[in-house]
Amino acid sequence: MIEIKPYIQKLFAQKELIISDKRQALFEEFIQNESNQQAVKTIIEQQNYLMDKWKLKNRIEDIIALQILIPNATESKEYNAKINFEKLGLNDLIFEEWQGLEEIGLQFDKETDTIKGIPNQSGELKFKLLFKVKGEDENSVPNEKYITLVVNPDPKTLWKNIPSDKEAIFWKEDDAKAFGKLGEKHIVVASNRGRSHENVGSFRDDDFAFKFIEKTGWSVVAVSDGAGSYPLSRKGSELACNAVVDYFENHLDKENFLEFENKLLEFSQTKEENLHKEIEIEAKQKLYKAVLFAHNQIKDLAEKTQQSNPELFNNPKAKSLSDYFHATLIFALFKKFDFGYVVLTFGVGDCPIAIMDKDQVNTSLLNTLDVGEFGGGTRFVTQGDIYQQDAKPLTMAQRFNMQIVTDFSYLFLMTDGIYDAKFVVEANLEKHEKWMEFLEDLNGKNEDNAKVNFNPENEQIADELAHWMDFWSAGNHDDRTLAIIF
Amino acid sequence: MRRLPVYLLLDTSGSMSGEPIEAVKNGVQVMISSLRQNPQAIETAFLSVITFDSSARQIIPLTDLGSFQMVDIRATGTTALGDALKVVSNCIDNEVAKTTAETKGDWKPLVFIMTDGIPTDDWQSGLREFQTRKTAYTVACAAGSGADTNVLKQITENVVSLDTADSQSIAKFFAWVTASIGVSSTKVEDSGKEVTGLNELPPPPSELNIVV
């Protein structure tokens with residue numbers, strides 16, 4: 001109930017209208033007048049109307065200014081963000097409508113109060129929330145609030161694929177793959193240029209080579225990873241692999257090697273421990289010659305290249321010409337005898353070699369990886385100091401391995417582009433179950449359902465492996481090379 | 001995956017209010033948008049923002065670029081640079097994963113410091129803590145003539161200065177930080193090697209003076 005009298009008294013006082021004592025009776029009569037009373041009511045109503053209207057305007061402005069943070073989205077990836085109206089203090093909305101969501105591939109689900117869908121573009125995208133608050137006329141034009149949604153580009157689309165320069169010195173194919181027979185075994189191998197190289201048009205630094213050497217019955221498989229920070233490493237890796245194959249095919253002291261084989265045969269009969277040791281030492285000596293051969297081949301080429309293209313040798317950090325060709329090297333030399341397989345390996349750098357037994361119950365890592373505490377601590381076949389007596393972290397002798405097994409199901413050689421993504425840490429390379437997971441992955445247990453059918457009759461096998469190797473792994477975009485003997 | 005942690009230490013003392021603080025906010029925004037276009041950075045780089053005025057606090061924990069959202073910052077108070085160095089030391093301990101036999105650690109963090117004034121707290125004790133943490137590199141930027149490059153020079157070898165703390169210079173600084181993060185993330189992914197100093201970063205724009 002409005003107090004008419006005090007209201008008019010206050011009004012008059014404000015306006016300095018004085019009611020004299022002798023007019024008090026008249027004033028009493030004045031306030032009793034119905035039309036005057038009505039006037040007061042109307043004034044107060046109008047005032048309230050103004051105040052409410054102002055409050056409403058303020059409220060609307062507050063809502064428009066309110067920061068609604070919603071999680072960022074990624075293009076082509078399912079998005080789901082709940083708008084918690086209560087938490088945002090938006091309990092007084094009587095009407096909401098979203099505008100501009102559909103254009104970007106999203107929609108608002110009223111039942112769950114969520115923005116969902118698959119964004120079809122990237123950028124800082126704006127859309128509108130049309131709203132009315134309690135107190136507004138239902139037929140009024142709704143208010144507009146802009147909301148920004150950050151949609152990240154799909155990382156996959158950011159990578160460019162620029163072919164490498166075919167005119168450049170030591171150019172090689174960006175991708176390579178092969179399938180072949182190695183005695184009674186088969187090999188499938190692929191080497192893919194990494195996305196980080198595709199993105200800038202640089203070369204594949206990885207390489208591989210293999211051969212079944214008929215005249216001796218030995219098979220050789222080599223894999224190498226050229227050091228990305230050295231400009232001619234693509235040739236270093238290529239030459240390292242080819243030199244190893246070349247050595248065992250053409251430069252081996254055959255008589256000496258036959259003697260070695262005879263010792264192996266003798267051991268298979270006697271199982272004599274001392275003989276085993278002797279064989280192991282001899283194996284190291286034989287493989288060492290191949291390593292040195294590769295090292296020297298690269299050294300020779302480095303010298304020749306410096307003569308022909310001195311301008312390429314301008315890196316102040318390089319200590320020798322061979323540094324420009326820095327490459328890791330792993331290789332396996334194996335042969336089937338009546339008693340089983342002899343598998344000899346060598347490794348320098350951070351690329352693993354592993355053998356899985358016939359029954360697939362055990363996998364052995366055949367080399368110790370050269371890995372530094374913070375990465376980048378790898379060693380190269382091109383480095384002189386790996387041949388030093390007190391070489392660190394591994395001596396030359398620790399780089400070799402010999403396995404005498406009745407048979408094996410798989411022999412793997414890979415570069416860090418595969419191992420970083422699939423095994424993550426070195427410790428996992430020692431775990432058979434991780435190798436079984438890796439095998440399952442090769443058999444199609446992966447996001448893309450990419451599968452390699454390990455059947456020698458499979459004409460697509462090399463393509464399948466190359467395709468499988470195209471897997472997506474965040475942060476792992478190095479060259480990838482994988483050789484599998486089965 | 002090995003992350004590349006990036007810590008931004010931003011001076012939000014009173015003297016930064018107005019144009020400088022707006023320029024810093026804008027600089028971070030532009031930096032994020034631009035790094036999001038770099039396929040290596042968007043996967044590898046993780047960013048954290050630490051602000052310091054009368055005290056320091058981590059306002060954004062180490063966050064991948066994809067989810068990163070800049071928050072509002074205001075300029076007020078004094079310049080507790082020492083506290084900021086303590087905070088970043090703690091954050092490095094808690095957030096940056098170390099390499100073990102079973103887990104792959106992160107790359108060594110990059111730290112960018114930007115200040116327009118002289119520290120008002122015991123910055124040496126903060127520095128002593130910070131020095132025991134391993135970083136790939138730390139870059140300090142003295143914005144305007146009020147900053148003391150001698151102090152910054154004791155924190156890191158890599159000190160750059162801006163003649164004035166206006167929006168154009170600050171924008172240039174952030175553009176250079178952006179390029180540096182881009183180069184670092186590419187480098188760690190390509191060659192598995194970390195960037196170790198200013199000389200491996202892209203050349204700074206002319207607005208940035210290298211303090212020798």
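Chain B has 212 residues, and a compact globule of that length would have a radius of gyration near 17 Å; chain B has 16 Å, which agrees. This is a predicted model. Along the principal axes, the C-alpha atoms of chain B fill a box of roughly 45 × 35 × 35 Å. Buried residues account for 53% of the 212 residues in chain B. Among contacts in chain B between residues at least 6 apart in sequence, 75% join residues at least 24 apart.

Chain B holds six helices and seven strands. Along the sequence, these follow the pattern β-α-α-β-β-α-β-α-β-α-β-α-β.

Strand E5 of chain B covers residues 137-143. Seven of its seven residues are buried, so E5(B) is largely enclosed by the rest of the structure. In a regular strand, side chains alternate between the two faces of the sheet. B:Tyr137, B:Val139, B:Cys141 and B:Ala143 point one way from E5(B). B:Thr138, B:Ala140 and B:Ala142 point the other way. Residues in both sets are buried.

Which strands pair with E5(B) in the parallel sense? Strand E4 (residues 110-115) of chain B does, over six bridges. Strand E6 (residues 158-162) of chain B does too, over five bridges. Individual partners can be named. B:Met114 has B:Cys141 in E5(B) as its bridge partner. B:Ala140 stands opposite B:Val159 in E6(B).

The table lists the two units.

| Start strand | Helix | End strand | Handedness |
|---|---|---|---|
| E4(B), residues 110-115 | H4(B), residues 123-131 | E5(B), residues 137-143 | right-handed β-α-β |
| E5(B), residues 137-143 | H5(B), residues 149-155 | E6(B), residues 158-162 | right-handed β-α-β |

**Chain A: an open sheet**

Chain A has an open sheet of four strands, in the order E1-E7-E6-E3, with mixed pairing. Its edge strands are E1 (73-74) and E3 (93-99) of chain A, and each pairs on one side only. Strands of a sheet pair through backbone hydrogen bonds, either parallel or antiparallel.

How do E3(A) and E6(A) run, and how many bridges join them? They run antiparallel, joined by six bridges, with E6(A) covering residues 123-133. One pair there is A:Glu96 with its bridge partner A:Phe131 in E6(A).

Helix H3 (residues 34-65) of chain A packs on this sheet. H3(A) touches E6(A) and strand E7 (143-152) of chain A. The direction of H3(A) makes about 160° with that of E6(A).

Key. Residues are numbered from 1 along each chain as its sequence is written. Chains are lettered from A and ligands numbered from 1 in the order in which they are written. This is a predicted model: local features need pLDDT of at least 70, side-chain atom pairs count only at pLDDT 80 or more; totals for chains, interfaces and linings use all residues. Two strands pair if DSSP finds at least two bridges between them. Helices (H or I, at least four residues) and strands (E, at least two) are DSSP runs, numbered from the N terminus. Two residues are in contact if their C-beta atoms, placed from the backbone, lie within 7 Å. Axes are lines fitted to C-alpha atoms, for helices over the stretch in contact, and angles run from 0 to 180 degrees between N-to-C directions. A residue is buried if 20 or more other C-beta atoms lie within 10 Å of its own, exposed if 12 or fewer, and partly exposed in between; C-beta atoms are placed from the backbone. A crossover is right-handed if, with the strands pointing away from the viewer, the path from the first strand over the helix to the second runs clockwise. The radius of gyration is taken over C-alpha atoms; the globule rule is 2.2 Å times the number of residues to the power 0.38.
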